[in-house]
Amino acid sequence: LSQILEGFPLGVVVYGQDQKPQYLNKRASEILSNPKRGITPSVEAGRTLAQTIEYYSFKDAQTGEKFPLEKMPVFKALRGEPSSLDNLVVDFGDTVIPLEVWASPVRDDTGIVETAIGVFQDVTDRKRAEAELVEYRKSLEQLVEQRTAELNDANDRLRMRLEWVSAINRLQQ
């Protein structure tokens with residue numbers, strides 16, 4: 001299982017009921033590392049979820065505020081609730097990494113939640129593409145508005161010419 005998780009293309013972390021990590025795969029370390037700032041993921045550091053939020057500067061992508069512990073998918077999973085989100089960012093100051101995160105509880109034979117497994121991925125490319133699509137859509141809407149205004153102007157000019165021609169025809173009769 002460890003070999004499979006190490007080769008997994010997504011970050012994987014397993015948290016115990018003490019809200020401390022028990023396992024972190026290679027991809028999780030790659031995503032969460034920032035050597036310039038001396039930030040290195042480590043199970044041995046024993047950071048709780050709350051400390052992890054501070055350490056990695058997890059923020060809400062929309063508000064820029066510190067991400068609330070109770071909304072973290074792993075926190076919810078440790079309480080028995082599978083959860084996911086895509087509005088979390090790691091803010092390293094010089095770099096911001098948007099993440100998509102999923103977490104599920106892992107239960108023992110009696111149904112008690114023993115651990116939670118969190119899986120996450122860097123969605124920088126997807127968020128960039130979404131932003132480009134929004135900008136492209138805005139540009140298209142502006143073009144449509146501009147063309148509509150031009151057509152309305154042309155229609156107004158034609159209407160005035162038709163009225164003028166109609167008035168001349170009435171005078172000649």
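How many aromatic pairs does the structure hold? This predicted model holds 2 aromatic pairs. Ring pairs join Tyr55, Tyr56 and Phe58 into a cluster. Strands 4 and 5 pair in the antiparallel sense, and strand 5 pairs in that sense with strand 6 as well.

**Aromatic cluster**

- The ring centres of Tyr55 and Tyr56 lie 4.9 Å apart with the planes at 85°, so this pair is edge-to-face.
- Tyr55 has a relative accessibility of 25% and therefore counts as partly exposed.
- Tyr56 is buried, because its relative accessible area is 5%, where the cut-off for buried is under 20%.

**Charges over rings**

- Arg47 places its charged end over the ring of Tyr55, at 3.5 Å from the ring centre; Tyr55 is also a member of the cluster with Tyr56 and Phe58.
- Arg79 has its charged end over the ring of Phe75, at 3.9 Å from the ring centre.

**Strands 4 and 5**

- Ser83 is opposite Ala103, which belongs to strand 5.
- The hairpin of these strands has 4 residues between them, and Gly93 in this hairpin adopts a positive phi near 85°.

**Strands 5 and 6**

- Strand 6 covers residues 113–122 and pairs with strand 5 in the antiparallel sense over 9 bridges.
- Glu100 has Gln121 of strand 6 as its bridge partner.
- In the hairpin of strand 5 and strand 6, 5 residues stand between the strands, and Gly111 adopts a positive phi near 95°.

Conventions:
Residues numbered from 1 in each chain as written. Predicted model: local features only at pLDDT ≥ 70, side-chain atom pairs only at ≥ 80, totals over all residues. Heavy atoms only, no water. Pairing = 2+ DSSP bridges. Helix = DSSP H or I, 4+ residues; strand = E, 2+ residues; numbered from the N terminus. Phe/Tyr/Trp six-rings, centres within 6.5 Å; stacked < 30°, edge-to-face > 60°. Buried < 20%, exposed > 50% of the residue type's maximum accessible area, 1.4 Å probe, protein only. Lys NZ or Arg CZ within 6 Å of the ring centre and 35° of its normal.
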